Amino acid sequence: MPSAKALLAAAITFVALSFVDAVAQDNVIERPSQPAAEGPKIPSGLNRGFSIVRTPAKRVTATLTFAVDIPSVKADTWVFAMPVPPNLPGQTLVNASTTPASERITDKSVLKRIIRRSRIEVVDDSQTSSAQFRCDDEIQLFARSLQFDKRATSANPSVDSLSDKDRAIFLRATPEYDFQSEAFQKWKTKNRFRRIRTEGEVRFAQRVFQRLANTYQYSYVPSEDRTASLLCQSDATDCGGLSTLFATVMRSEGVPARILSGRWAISANPGETINDQPYYQYHVIAEFYAQDVGWIPLDTSSAIIHDRTQTKLQYFGQSDGDFITYHVDPGVEFDTDLHGDYRAAYFQIPLMWLTGEGNLDQFSHQESWTVKP
């Protein structure tokens with residue numbers, strides 16, 4: 001499913017290589033940040049009766065290996081990078097390690113995501129044309145289910161409110177969530193994606209989710225630009241695009257939302273492909289925050305592919321605890337150590353850079369993804 005993209009400096013003695021992520025194109029060209037827009041205020045009490053039930057699902061060790069072989073290169077330094085799985089309502093990180101060992105750095109976005117960066121100095125001929133990087137992550141996963149009790153007379157008092165800082169982060173416009181664009185605003189109006197005054201976050205999100213699930217088709221195109229203002233002009237995209245569209249609508253109406261980029265907590269099947277591209281369980285889902293309820297998960301692409309019910313809500317507010325998140329939201333910005341700063345739109349596959357002599361004409365790689373109890 002992923003494809004490779006080479007980044008070559010003018011001098012042949014410097015080579016930097018990175019990979020397009022599994023669900024969306026990496027954009028190396030910087031796009032200007034957009035100012036945050038204050039969304040409409042939503043009164044409390046409109047989600048009465050809704051609650052999220054969170055239960056332990058399974059504790060797993062996910063092992064990701066990434067090996068490269070480039071006979072046409074003579075390297076002197078390799079650098080690999082991969083995010084540390086964050087602690088979220090759907091998962092708690094128990095332990096994380098890499099081989100070779102790595103240092104932890106903080107990405108340069110407001111989210112301050114933690115990145116593992118491993119530098120390998122070549123000491124013998126066996127390392128000049130090939131290298132391998134491995135991550136072992138032990139994670140406790142949680143199932144979550146949205147429940148509704150029509151007899152409830154008050155809000156759930158046990159739910160912590162979103163902090164002002166987090167609320168601002170998950171309401172802001174970004175290069176991907178460009179809800180201030182004219183194209184997106186016209187699309188919103190056409191689809192009636194304006195929150196009704198008496199509509200709480202949950203009911204509004206259900207309505208948007210159902211509309212997307214009923215009007216979009218699933219289509220994976222590796223080179224697709226998953227910017228909301230472009231996605232809204234199409235009628236087909238993949239899990240990353242659908243999650244981006246949903247989160248952008250939510251933010252534009254004052255509902256904090258985000259996307260979770262990662263992989264299914266299921267070992268990859270040898271030889272499995274999607275659209276003739278190797279598939280290693282890459283996936284993206286979305287979440288939105290509802291007052292007095294908390295973060296609510298949803299999976300629009302699975303609804304399109306698998307849900308044959310009339311309501312199209314089987315994958316709204318439901319998660320079986322079978323998904324591992326590697327980072328929240330697009331745009332992970334960090335220092336590569338060899339090639340300056342880099343912005344990865346999605347970061348589900350290890351990124352790699354190297355210095356040395358030669359070219360990438362004979363580049364090849366092997367990847368594996370195993371998940372065990």
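**A tour of the chain**

The chain exposes about 16,100 Å², and carbon and sulfur atoms supply 49% of that area. The model on screen is predicted. Of its 373 residues, 55% count as buried. Colour by secondary structure to see six helices and 21 strands. For contacts in the chain with a separation of 6 or more, 76% join residues 24 or more positions apart.

**Stop 1: the cores**

Select W78, F80, I324, F334, F347 and W369 and show their side chains. These residues belong to the largest nonpolar core, which has 57 residues, and they touch the most other members.

**Stop 2: a helix pair**

Select helix α3 (residues 201–215) together with helix α5 (residues 239–252). Two packed helices are described by the distance between their axes and the angle between them. Here the axes come within 11 Å and cross at roughly 145°. The crossing of α3 past α5 is right-handed.

Now show side chains at the contact. On the α3 side, select F204, A205, V208, F209 and L212; on the α5 side, L242, L245, F246, V249 and M250. Which classes of residue make up the contact of α3 with α5? Ten are nonpolar, with no polar and no charged residues.

**Stop 3: Q140**

Go to strand β8, residues 130–148, and select Q140 within it. Is Q140 buried or exposed? Q140 is buried, because its relative accessible area of 18% is under the 20% cut-off.

To see what surrounds Q140, leave aside its neighbours within four places in sequence and show P56, A57, K58, R59, G90, Q91, T92 and V94, with which Q140 is in contact. For V94, draw a C-alpha to C-alpha distance to Q140: the two are 6.8 Å apart in space and 46 residues apart in sequence.

**Stop 4: E182**

Finish at helix α2, residues 182–190, where E182 is found. E182 has a relative accessible area of 58%, over the 50% cut-off, so E182 counts as exposed. E182 and S229 are 47 residues apart along the chain, and their C-alpha atoms are separated by 8.1 Å.

Note on methods
Residues numbered from 1 in each chain as written. Predicted model: local features only at pLDDT ≥ 70, side-chain atom pairs only at ≥ 80, totals over all residues. Heavy atoms only, no water. Core = buried A, V, L, I, M, F, W, Y, C linked by side-chain atoms within 4.5 Å. Buried < 20%, exposed > 50% of the residue type's maximum accessible area, 1.4 Å probe, protein only. Axes fitted to C-alpha atoms, helices over the stretch in contact; angles between N-to-C directions. Helix = DSSP H or I, 4+ residues; strand = E, 2+ residues; numbered from the N terminus. Left-handed = near helix turned anticlockwise from the far one by under 90°. Contact = heavy atoms within 4.5 Å. Nonpolar A, V, L, I, M, F, W, Y, C, P; charged D, E, K, R; others polar. Areas by Shrake-Rupley, 256 points an atom, 1.4 Å probe, with all protein chains shown as cover.
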